[in-house]
Every structure is written in structure tokens, then in C-alpha cells.
Amino acid sequence: MEVINAIGRRKAAVARVYVSEGKGQITINKKELKEYFTTGTLQYIVTQPLNLLEVADKYDIKVNLDGGGVTGQAEALRLAISRALVKIDAESKSALRTAGFMTRDPREVERKKPGQPKARKRFQFSKR
């Protein structure tokens with residue numbers, strides 16, 4: 001099997017994934033998964049598609065992660081892994097879609113407008 005690559009995005013985070021056959025190693029920016037994502041919740045988010053298809057120990061995954069915060073990075077990585085798994089086996093797409101791992105979350109940060117302190121918040125109105 002050759003190396004399969006995929007991309008996942010969430011907010012400002014971009015995850016580029018390279019999947020090859022192996023023993024289940026996940027390397028993110030030259031660090032181990034547990035070293036990069038220290039909380040169990042984020043580790044769980046990343047490994048969700050692998051655990052769903054029961055292929056967690058079949059593939060080695062090398063990741064370049066850039067931008068955003070830790071949660072956005074974890075969810076971008078989950079999307080990228082899901083897309084790579086579909087490239088490997090197209091029949092797994094329906095299972096991943098029903099779990100919600102194939103949908104790119106479109107929510108982005110709204111820009112700050114001039115004359116306002118934040119995107120939606122207004123300065124206090126004074127009648128007099």
C-alpha cells in the first residue's frame with residue numbers, strides 16, 4: 001500500500017495527514033499523540049474514526065498540524081483521518097458519515113466590525 005494523504009480543516013486549524021500501513025503509531029509534528037494532545041478527551045476525538053472502523057492498530061499516521069487551538073486541531077485531524085480512511089476503503093464512508101466524522105464544520109469566527117467592541121456587541125447606548 002502506498003502512502004495516502006488527506007486534509008482536514010476546522011476554524012483556523014489545518015491538518016495534513018499521511019497514512020501508511022503499520023502498527024498504529026500516530027505522529028503529530030514529530031511528537032507522539034499522547035505528547036501533543038495531553039488530555040484524554042482530545043486523544044479520544046482524534047482516534048474516534050479509527051476505533052469506529054476497528055483499524056487503530058493497522059495504520060501509521062503522520063500529521064502536519066498548523067493554526068488554531070487544541071480543540072480545533074483535534075477536530076481537523078479527525079476529519080483528515082476520516083477522509084484518508086475513505087480513500088483506503090470507500091465502503092467505510094457510510095459508517096463514518098452516520099457518526100458525523102465526514103462533515104466539515106463550517107462555523108468560523110465572525111469578524112470584528114468598526115464602531116463596535118466585538119463582532120456583535122455594541123458600545124453602551126447613552127440617551128443623554
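Visitor: What makes helix H2 (residues 40-53) and helix H3 (residues 70-88) a pair?
Guide: In this predicted model, their axes come within 8 Å and cross at roughly 15°. Axes are lines fitted to C-alpha atoms, for helices over the stretch in contact, and angles run from 0 to 180 degrees between N-to-C directions. Helices are DSSP runs (H or I, at least four residues), numbered from the N terminus.

Visitor: Why are H2 and H3 called roughly parallel?
Guide: Angles under 35 degrees count as roughly parallel, over 145 as roughly antiparallel, 65 to 115 as roughly perpendicular and the rest as oblique. The axes cross at roughly 15°, so H2 and H3 are roughly parallel to each other.

Visitor: Which residues of H2 and H3 make the contact?
Guide: Contact means heavy atoms within 4.5 Å. Among the residues making it are Leu42, Ile45 and Leu53 of H2 and Val70, Ala74 and Leu85 of H3. The contact residues divide into 11 nonpolar, 3 polar and 2 charged. Ala, Val, Leu, Ile, Met, Phe, Trp, Tyr, Cys and Pro count as nonpolar, Asp, Glu, Lys and Arg as charged, and the others, Gly among them, as polar.

Visitor: Which helix gives the most to the lining of the largest pocket?
Guide: H2 does, with 3 residues. Helix H1 (33-36) and H2 each supply at least two. The lining residues divide into 4 nonpolar, 4 polar and 2 charged.

Visitor: Where do the numbers come from?
Guide: Residues are numbered from 1 along each chain as its sequence is written, and side-chain values use heavy atoms, with hydrogens and water left out. Local features need pLDDT of at least 70, side-chain atom pairs count only at pLDDT 80 or more, and totals for chains, interfaces and linings use all residues.
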